[in-house]
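Subject: Structure handover

Hello,

Here is the structure I promised. Please open it first, then read my notes below.

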Amino acid sequence: MAYAVLVDTKKCMACRGCQVACKDWNRLPAGATKFRGSYTNPPTLEAHTWNHLIFSETDQGRWLFANYACMHCTDAACVNVCPAGAVQRTKNGTVWPDPDKCIGCGLCVQHCPFHVPHLSKTTNKMGKCTGCAERTSQGLRPACVTTCPNGALQYGERNALLQQAKERVQSLREQGFAQANIYGENEMHGLGRIYILTERPAAYGLPENPCYSASAWIWQLARRPLGKLASVGLFSGLVVGFLRWRGDRIQHKGDNTM
Ligand code: SF4
Ligand code: SF4
Ligand code: SF4
């Protein structure tokens, strides 16, 4: 059964308790920060910062807050491109990184559509949210969810949370938030982090249409035993096609000069 985190951005009050709880529970070191003109701090996730709060201001001067961490994608680019099997999707839908297997190649960093994984400069291992698997396997909620004082983060069975999100969006629309929508229901075949938004995803710094890059597809294909055959087939097809095209060109030249 798939589990997920539901982020109700309308309930978030930007206390950053989730950001601190993640550091605290996972014993992640603090880093020196400085003000860069945005309250989002640090500005991106890092190998030792697995969760942060994105602050955005609308044209109407309204603040939007979004807790941001690994989306635990159903179709996870990081899982599919990792050549060392160092990122695995568990039965409950968590995309779990195994630092012991990580070889520091950086392919997951390059291909994640959400810019989540980062390589540590000291260990050369990838770091990202683990879904607090050591807690959820014991019946506990993730540390960030447990800490949230306003119920903006919830953890539970994904289908039940989706139903809850739909009812909440309906209620928000009735309250005048005409743009209220759900993010994460279908993106990357379903995310393990579902958002209730009152504006378009881009207004929160979320990619509108996250997708694989072409190079991720090719790499994924090349990694699979059958894919290798397909890759060889594709390459052969391209070579044959090129030779045919070249042959046709020579033929046409020949026709024109006759
Ligand atoms: S689930 Fe755990 S590891 Fe992931 S962001 Fe929340 S506290 Fe951090
Ligand atoms: S958000 Fe990125 S790191 Fe997280 S599961 Fe999806 S592809 Fe992997
Ligand atoms: S702990 Fe809850 S209310 Fe506080 S910033 Fe995080 S999501 Fe928002």
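First, the ground rules. This is a predicted model: local features need pLDDT of at least 70, side-chain atom pairs count only at pLDDT 80 or more, and totals for chains, interfaces and linings use all residues. Residues are numbered from 1 along each chain as its sequence is written, chains are lettered from A and ligands numbered from 1 in the order written, and side-chain values use heavy atoms, leaving out hydrogens and water.

**Overall**

The protein chain has eight helices and 10 strands. These are DSSP runs, numbered from the N terminus: H or I of at least four residues for helices, E of at least two for strands. The chain holds 258 residues, and 44% of them count as buried. Buried means under 20% relative accessible area, exposed over 50%, partly exposed in between (1.4 Å probe, protein chains only).

**Local spots**

- Asparagine 41 to proline 42: this peptide bond is cis, with omega near 0 degrees. Proline 42 sits in the loop between helix 1 (17-26) and strand 2 (51-57).
- Histidine 72: phi is positive, near 45 degrees, in a residue other than glycine. Its loop runs between strand 3 (63-69) and helix 2 (77-81). Histidine 72 counts as buried, at 8% relative accessibility.
- Histidine 189: phi is near 65 degrees, again positive in a non-glycine residue. Histidine 189 lies between strand 9 (181-183) and strand 10 (193-197), in the loop. Histidine 189 is exposed, at 63% relative accessible area.

Best wishes
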